[in-house]
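These are my notebook entries on a single protein chain. I set down what I looked up, entry by entry.

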Amino acid sequence: MAARPTLRRLLALRRHRLFSTTAAATPPPQQPPSNPPTPESVIYNISSLSRDPSRALAFFRRSAADGHPVGHAAYNLMLRTLASHPASAQSHFWPFLRDMQEAGHSLDQGTYLAALASFKKAGLTADYAALVAHYAKAQDEAKDGSPISAAAAAVRGLDGSESRADLDKKLEGINLSLTETAVAKVLREVRDYPIKALAFFRWAGRQKGYEHGSVAYNAMARVLGREESVGEFWNLIQEMKAAGMHVDIDTYVKLSRQFQKRHMLKEAVELYELMMDGPFKPSQKDGPLIIRRIALGPSPDLELVNRVVRKFEAVWEFKTKELYDGIHRALTSNARFDEAAEIVQRMKAEGHQPDNVTYSQLVFGLCKADKLDDARKVLDDMEAEGCVPDLKTWTMLIQGHCEAGDVDKALQYLTEMIDKNLDADANLLDVMMKGLCSHDKVDAAYALFVEMVGRDKVLLRPWQGTYKHIISELLRVKKLEEALALLRSMKAHDFPPFADPFPPHIAKYGTFEDARDFLKALTVNNNCPSPAAYLHVLKSFFAEGRYSEAQDLLYKCPIHIRKNRDVIKLFESKKDESAS
């Protein structure tokens, strides 16, 4: 049979340079232009040095001392780089943040959240708390009638029908000194209103004595990168190209993540192609990551995969194991198993051995195609080839059977996995809970949960979402006692208790004693639950017309609850209703 068009593209011959049969040394990426330095080149170099904060900081300081363009984006990227490594976070983060503020630049939300995540991961609790306080203070100060805030408020007040003259009139009274930094700050303030932001951008560009540069264009591009303004986004990119400007690497990373998160995969691929054709190329890992994102869809677009592969090899002149795995994932997810097998053979020919990542993708694809027996055989084939299936591969197999409705076989494979001395993790527990509950095996799900979480030799900390799911399912089948047991277990694992579904359930099906048990489950170190928790239960009884149960519960409440103003108001409303 003749090869299908997609197969011919993905398994192209050597002359198409999609899959070379010989490995090539890793060529250095094209260096960005450095004479004269531009904001894009400064950001690119900081990004390239991000794994070594000391070198990145030294480069930044040299650039600033030499008068090179180090703007808002460069400062924030440098700050994220320092926060990402515990040693540099402790020694350089705060002094650099002070320098940044003195230079007139502020901490943006993305940098703030990234730094918080880094501090939390490194256990830097004092730095975490200090940054939260710093950011809150900066946000409050920004609201105090600054020209940036005033301009942003005016832009948000636009209705979209204004003429140029109307726009000039609305903005002319704002004492805003137009610089690229100021324009970028306003654009960040109005990032949720892309078309209005673009109107402000155009207005600023018409003002005498000011001209947009790379900083402002990149800030505008970040705002426009969404569904409702994608046409304006690409028009702006063409403007930048015509003016000799480039999307900087930090903007690219943010836009690419945004496109992928919003499932705008065509735009993510086109942006990747744009960057790979320019001087500020993404890292080698970006191509495989985009392919992986494409492959996660219900029916991966193989043409998009092919475009990424072509561009990757045109630049790097070889293929990584991660790239092959991405292609393999896309093919198996589309049930193109013969082509996927050929990909594996090409991987081997180029010195890349298939591993659990490769095989777990095959297992996933076979399960998705309802070839469950074939999926199980893959694990036997792996062991025969000396590749022992890991937890992820077993999880794929078990999840595939759960989604196919064969939860009994999923339980069997879970037992097999544990017999092979592999311990389940929170992800597998979540898969099993949802699989069992989706087929009305809630009792079995609860029993398995208790066994897996309570086993002495397994320190399994469930996900908070797993707790919420099974508690909701237990209440659905009127298993209040078991749901309360899991509520106590949540508390033992230091999760906020999932209390919301209990009061309505107890008010409808339970008793006064059930309500007391629920409130006891919320008690921590002999500290009573909050007044809001008591009020929720009482209001739920009222909503079901069970006033006497609410009255009985009130008599057993602590004195401070009985005297709570909202509780008194609730019961007085009932008395007034009865009197009328």
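**Entry 1. Left-handed pair, α23 and α24**

I began with the crossing of α23 and α24, which is left-handed; a crossing is left-handed if the near helix is turned anticlockwise from the far one by less than a right angle, and right-handed if clockwise. The model is predicted, so local features need pLDDT of at least 70 and side-chain atom pairs count only at pLDDT 80 or more, while totals for chains, interfaces and linings use all residues. Residues are numbered from 1 along each chain as its sequence is written, and side-chain values use heavy atoms, with hydrogens and water left out.

Helices (H or I, at least four residues) and strands (E, at least two) are DSSP runs, numbered from the N terminus. I noted that α23 covers residues 407-419 and α24 residues 426-438, packed at an angle of about 155° with axes 10 Å apart. Axes are lines fitted to C-alpha atoms, for helices over the stretch in contact, and angles run from 0 to 180 degrees between N-to-C directions. α23 and α24 are therefore roughly antiparallel to each other; the classes are roughly parallel under 35 degrees, roughly antiparallel over 145, roughly perpendicular from 65 to 115, and oblique for the rest.

I then listed the contact residues (contact means heavy atoms within 4.5 Å). From α23 come V407, A410, L411, L414 and M417, and they meet L428, M432, G435 and L436 of α24. By class, the contact of α23 with α24 has 8 nonpolar, 1 polar and no charged residues. Here Ala, Val, Leu, Ile, Met, Phe, Trp, Tyr, Cys and Pro count as nonpolar, Asp, Glu, Lys and Arg as charged, and the others, Gly among them, as polar.

**Entry 2. α21 and α22**

I turned next to helix α21 (residues 372-384) and helix α22 (residues 391-403), whose axes lie 10 Å apart at an angle of about 165°. α21 and α22 are therefore roughly antiparallel to each other, and their crossing is left-handed. On the α21 side I found L372, A375, R376, L379 and M382, and on the α22 side T393, W394, L397, G400 and H401. I sorted the residues of this contact into 6 nonpolar, 3 polar and 1 charged.

**Entry 3. α29 and α31**

How do the axes of α29 and α31 cross? For helix α29 (residues 512-521) and helix α31 (residues 547-556), I recorded axes that come within 9 Å and cross at roughly 45°. That makes α29 oblique to α31, and the crossing is right-handed. F512, A515, R516 and L519 in α29 meet E549, D552, L553 and K556 in α31. The contact of α29 with α31 has 4 nonpolar, no polar and 4 charged residues.

R516 counts as partly exposed, at 26% relative accessibility; buried means under 20% relative accessible area, exposed over 50%, and partly exposed in between (1.4 Å probe, protein chains only). Neighbours within four places in sequence left aside, R516 is in contact with L553 and K556. S333 is 183 residues from R516 along the chain, and their C-alpha atoms are separated by 51 Å.

**Entry 4. A56**

I located A56 in helix α3 (residues 53-65). A56 is buried, with a relative accessible area of 0%. Apart from neighbours within four places in sequence, A56 is in contact with I46, L49, M78 and T81. From A56 to H493 I noted 437 residues in sequence and 40 Å in space, C-alpha to C-alpha.

**Entry 5. Cysteines**

How many disulfides does the structure hold? I found 0 disulfides, a disulfide being a pair of cysteine sulfur atoms within 2.5 Å. The cysteine sulfur closest to that of C402 is in C367, 10 Å away and too far for a bond. C402 is buried, with a relative accessible area of 5%. For C528, the closest cysteine sulfur is in C557, at 9.0 Å, again too far for a bond. C528 counts as partly exposed, at 40% relative accessibility.

**Entry 6. The whole chain**

The secondary structure of the protein chain comes to 33 helices and 0 strands. Of its 580 residues, 47% count as buried. The C-alpha atoms fill a box of roughly 80 × 75 × 50 Å, taken along the principal axes. Among contacts between residues at least 6 apart in sequence, 67% join residues at least 24 apart.
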